[in-house]
Amino acid sequence: GIDRSYDKDPGYFDTLLAGQRGWLTWRAQQCLLESFEMRGGSGAPMVHSLCMARITRERINQLKSLVEDQN
């Protein structure tokens, strides 16, 4: 276990939660950026949705790897 008498860093869950919150912000901005060229056009929502789905699948795989590494 972690010796809390000297290790004051956040625990695993708190660190994961903070990382996920940051990732959600990053994903929103990344997909906005990817759909920027089509902004105002009829294709922009589709490009944005495809980006959100793609990046979310990538994140799911990252999270699965983290869980596997903990076991």
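Select E34 to begin: at 33% relative accessibility, E34 counts as partly exposed. On the scale used here, buried means under 20% relative accessible area, exposed over 50%, and partly exposed in between, with a 1.4 Å probe and protein chains only.

Before going on, note that this is a predicted model, in which local features need pLDDT of at least 70 and side-chain atom pairs count only at pLDDT 80 or more, while totals for chains, interfaces and linings use all residues. Residues are numbered from 1 along each chain as its sequence is written, and side-chain values use heavy atoms, with hydrogens and water left out.

**The salt bridges**

R54 lies in helix α2 (residues 44-70) and E34 in helix α1 (residues 12-34), so the pair ties together parts that are 20 residues apart in sequence. A salt bridge is a side-chain nitrogen of Lys or Arg within 4 Å of a carboxyl oxygen of Asp or Glu. Helices (H or I, at least four residues) and strands (E, at least two) are DSSP runs, numbered from the N terminus. R54 is partly exposed, with a relative accessible area of 31%.

R54 and E58 are four residues apart in helix α2, which puts about one helical turn between them. E58 is partly exposed, at a relative accessible area of 40%. With E34, R54 and E58 all selected, you have a network of salt bridges on screen. The count by this rule is two salt bridges.

**A buried arginine**

Move to R27, which sits in helix α1. Show the surroundings of R27: leaving aside neighbours within four places in sequence, R27 is in contact with M52, I55 and T56. Contact means heavy atoms within 4.5 Å.

**An exposed arginine**

Select R21, also placed in helix α1. Is R21 buried or exposed? R21 counts as exposed, at 54% relative accessibility. Draw a distance from R21 to E58: the residues are 37 apart in sequence and 16 Å apart in space, C-alpha to C-alpha.

**The loop**

Go to G40, in the loop between α1 and α2. G40 is exposed, with a relative accessible area of 81%. A C-alpha to C-alpha distance from G40 to S65 reads 38 Å, for 25 residues of separation in sequence.

**The whole protein**

Zoom out. The protein has two helices and zero strands. Its radius of gyration is 17 Å, well over the 11 Å that the globule rule gives for 71 residues, so the protein is more spread out than a compact globule. The radius of gyration is taken over C-alpha atoms, and the globule rule is 2.2 Å times the number of residues to the power 0.38. Along the principal axes, the C-alpha atoms fill a box of roughly 55 × 25 × 10 Å.

Color by accessibility: 14% of the 71 residues count as buried. Of the contacts with a separation of 6 or more, 48% are between residues 24 or more positions apart.
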